[in-house]
Amino acid sequence: MFRLSHLIIAAGLVGASPALAIDSEGNFAVNGAGSQSCAQYLSVVDQGADNQEVLLYVSWAQGYLTSLNRGQQGAYDVLPISTANDIAQLVARICRQSQDIPFENAVFRLARVFAPMQLSAASPVIELSRGEQTVRVRKDALAMVQQYLKDSGRYAGNVDGVFGERTAEAISAFQGEADIPQTGLPDLNTFAAILARVTQDQQNSN
């Protein structure tokens, strides 16, 4: 089964930290929730999804990611899927691997891991449902999933960002291969699993 920690290691991000605007000794100030440790964040997360303190951390992370979106040339959105719940889950997965690092560092690693899947232009957010599951994703991100499935021989339909039964069935089949829940939707686990496969294929070809 896919683990985000495997992808972080494969991407060479163990120990990686931001290097943006810094002083002459390589230091910079981190304000707000970003200055707290991953252990502190996890203690809040583990109290339950309804804990209002989680929202403070996630709001900080969303602001951080927005800053990256604004500051990186050619990037519209550094994450292909970025609802508050998705961000909370992803950062928690990273933090569980390195509980001593600052929360800010974990959010930075998240952006770096998903850099190959960042969106370069504005794309409408669409809500997709199948069974009792629902996800919100940008149309171009769905097209990205379709393209991967088509390139890997799992999907023969159009790459158009339109969600239909052929796309759902191809996604579900891939999810089964990746040993993640077979929702048939382009959800958080699916994007992470695709990215892990792409990273592994690139390493094998080198």
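1. In what follows, buried means under 20% relative accessible area, exposed over 50%, and partly exposed in between, with a 1.4 Å probe and protein chains only. This is a predicted model, in which local features need pLDDT of at least 70 and side-chain atom pairs count only at pLDDT 80 or more, while totals for chains, interfaces and linings use all residues. Residues are numbered from 1 along each chain as its sequence is written, and side-chain values use heavy atoms, with hydrogens and water left out.

2. Arg166 counts as exposed because its relative accessibility is 53%. Arg166 belongs to helix H7 (residues 165-177), where helices are DSSP runs of H or I with at least four residues, strands are runs of E with at least two, and both are numbered from the N terminus. Leaving aside residues up to four places away in sequence, Arg166 touches Tyr155, Ala156 and Gly157, a contact being heavy atoms within 4.5 Å.

3. Four salt bridges are found in a search of the whole structure, the criterion being a side-chain nitrogen of Lys or Arg within 4 Å of a carboxyl oxygen of Asp or Glu. One of them joins Arg138 to Asp77, with the closest N and O atoms 3.3 Å apart; this pair links distant parts of the chain, Arg138 in strand S2 (residues 133-138) and Asp77 in the loop between H3 and H4, 61 residues apart. Both Arg138 and Asp77 are buried.

4. Arg96 forms a salt bridge with Asp46, the closest N and O atoms being 2.7 Å apart. Here Asp46 is exposed, at 52% relative accessibility, whereas Arg96 is partly exposed, at 41%.
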